[in-house]
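Biologist: I'd like to learn how to read a model like this one, feature by feature. Could you walk me through it?

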Amino acid sequence: MNGSTHPGKLSMTCGGVGHNVADCLTRFGGAPILLSAIGNDYHGKMVKSDSQHMDFSHVREDASSFATASYIGILNQRGQLYGGVMDMSIHGTINRDYVKQHEERIKAAPLVVLDGNPPVECMDYVLSLAKKYERPGKALFDKSFTARCRANQEETFELAARMVLVPLAVAQAPGF
């Protein structure tokens with residue numbers, strides 16, 4: 001790329017593993033509870049506008065210092081990922097205290113789905129709640145989590161060691 005600007009096509013979509021799973025479940029008649037965070041910015045408003053069919057009542061809106069999580073992928077001529085840039089810092093606000101406010105919802109959930117963006121301590125806490133309440137817990141990771149793993153291998157090994165303690169019996173969830 002050598003520092004130059006190149007012609008190309010741009011598109012913008014709403015997504016992220018957690019959002020996409022909640023979106024699909026909603027479209028199939030489910031009522032998932034999305035625990036996430038968005039900024040009070042253009043992208044946050046776009047996500048809410050594009051996701052009006054979803055319940056955003058539990059999504060934390062940060063009106064101050066964080067932008068909505070964003071990812072820009074650069075594809076080559078064959079449509080393969082060449083590289084990307086991401087800003088997921090808002091997911092640091094999804095912490096144990098925030099999740100604790102929703103513990104009863106997690107207790108009642110037929111399935112707990114977790115993506116790889118919140119801090120490891122938070123993911124560990126969510127998975128421990130899934131185990132405590134005997135709820136199937138499923139952790140889903142995408143390529144952005146791979147970059148995070150490369151950046152902090154010690155954190156990754158800690159999470160992997162904890163995850164084996166959680167049953168991943170998704171097939172046991174009613175309605176699936």
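**Reading the model together**

Modeller: Gladly. Asp 23 touches His 53 and Met 54, once residues up to four places away in sequence are set aside. Keep in mind as we go that this is a predicted model.

Biologist: Where does Asp 23 sit, and is Asp 23 buried or exposed?

Modeller: Asp 23 belongs to helix α1, residues 17-27. Buried means under 20% relative accessible area, and Asp 23, at 14%, is therefore buried. The side chains of Asp 23 and His 53 are joined by a polar contact of 2.4 Å.

Biologist: Which residue meets Asp 23 in a salt bridge?

Modeller: For a salt bridge we look for a side-chain nitrogen of Lys or Arg within 4 Å of a carboxyl oxygen of Asp or Glu. Here the partner is Arg 27, with an N to O distance of 2.8 Å. Asp 23 and Arg 27 are four residues apart in helix α1, so about one helical turn separates them. Arg 27 is exposed, with a relative accessible area of 57%, whereas Asp 23 is buried. Just after α1, Gly 29 has a positive phi of about 95 degrees.

Biologist: How many salt bridges are found in the whole structure?

Modeller: The search finds three. One of them joins the side chains of Lys 48 and Glu 61, at 2.9 Å from N to O. Lys 48 is partly exposed at 34%, and Glu 61 is partly exposed at 45%.

Another salt bridge connects Glu 103 with Lys 132, their closest N and O atoms being 3.6 Å apart. This pair also links distant parts of the chain: Glu 103 is in helix α4 and Lys 132 in helix α5, 29 residues apart. Glu 103 is buried at 15%, while Lys 132, at 56%, counts as exposed.

Biologist: Now the nonpolar cores. Which residues have the most contacts inside the largest one?

Modeller: The largest core here has 17 residues, and Val 99, Val 126 and Leu 129 have the most contacts inside it. Helix α3, strand β5 and helix α5 each supply at least two of its residues, and α5 gives the largest share, eight residues. Apart from this core lies another, of eight residues, among them Cys 14, Leu 34, Met 54 and Val 59.

Biologist: What does Leu 129 touch beyond its sequence neighbours?

Modeller: Leaving aside neighbours within four places, Leu 129 is in contact with Val 99, Glu 103 and Ile 106. Glu 103 is also the salt-bridge partner of Lys 132.

Biologist: And the strands: in which sense do β3 and β4 pair?

Modeller: They pair in the antiparallel sense, over six bridges. For instance, Ile 72 has Val 85 in β4 as its bridge partner. The two strands form a hairpin with five residues between them, and Gly 79 in the turn has a positive phi of about 85 degrees.

Methods. Residues numbered from 1 in each chain as written. Predicted model: local features only at pLDDT ≥ 70, side-chain atom pairs only at ≥ 80, totals over all residues. Heavy atoms only, no water. Core = buried A, V, L, I, M, F, W, Y, C linked by side-chain atoms within 4.5 Å. Buried < 20%, exposed > 50% of the residue type's maximum accessible area, 1.4 Å probe, protein only. Contact = heavy atoms within 4.5 Å. Polar contact = N/O pair within 3.5 Å; in protein donor to acceptor, adjacent residues only side chain to side chain. Pairing = 2+ DSSP bridges.
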